[in-house]
Amino acid sequence: MNDFDLMPKPLLSKIWKIITWRWRMQLALNAPFGLLWVADKTNPAIHQFNMSMLTAMHAEWMAPMMGIG
């Protein structure tokens, strides 16, 4: 019985071992966008920058991407 490691593993490490490699890759690819979203929601300067970039874009270029034209 002494050979068994009975130390409880942290919950996050257990979850990380269960997640497949495809989910891990998806999380890694989406992490920067999640950080930008959090920064946009919490920092008014980043939100103002995003809005100024959207207003600077030409409507002819953006309309097909939004499904308008």
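Guide: In this predicted model, helix 2 (residues 21-42) packs against helix 3 (residues 44-56) at an angle of about 105°, their axes lying 5 Å apart. Axes are lines fitted to C-alpha atoms over the stretch in contact, and angles run from 0 to 180 degrees between N-to-C directions. Helix 2 is therefore roughly perpendicular to helix 3, a term that covers 65 to 115 degrees. Helix 2 makes the contact (heavy atoms within 4.5 Å) through A39, D40 and T42, and helix 3 through P44, I46, H47 and N50.

The chain has 4 helices and 0 strands; helices (H or I, at least four residues) and strands (E, at least two) are DSSP runs, numbered from the N terminus. Of its 69 residues, 6% are buried, meaning under 20% relative accessible area with a 1.4 Å probe, whereas exposed means over 50%. L12, in helix 1 (residues 11-18), counts as exposed because its relative accessibility is 69%.

Residues are numbered from 1 along each chain as its sequence is written. Local features need pLDDT of at least 70, side-chain atom pairs count only at pLDDT 80 or more, totals for chains, interfaces and linings use all residues, and side-chain values use heavy atoms, leaving out hydrogens and water.

Notes:
Angles under 35 degrees count as roughly parallel, over 145 as roughly antiparallel, 65 to 115 as roughly perpendicular and the rest as oblique.
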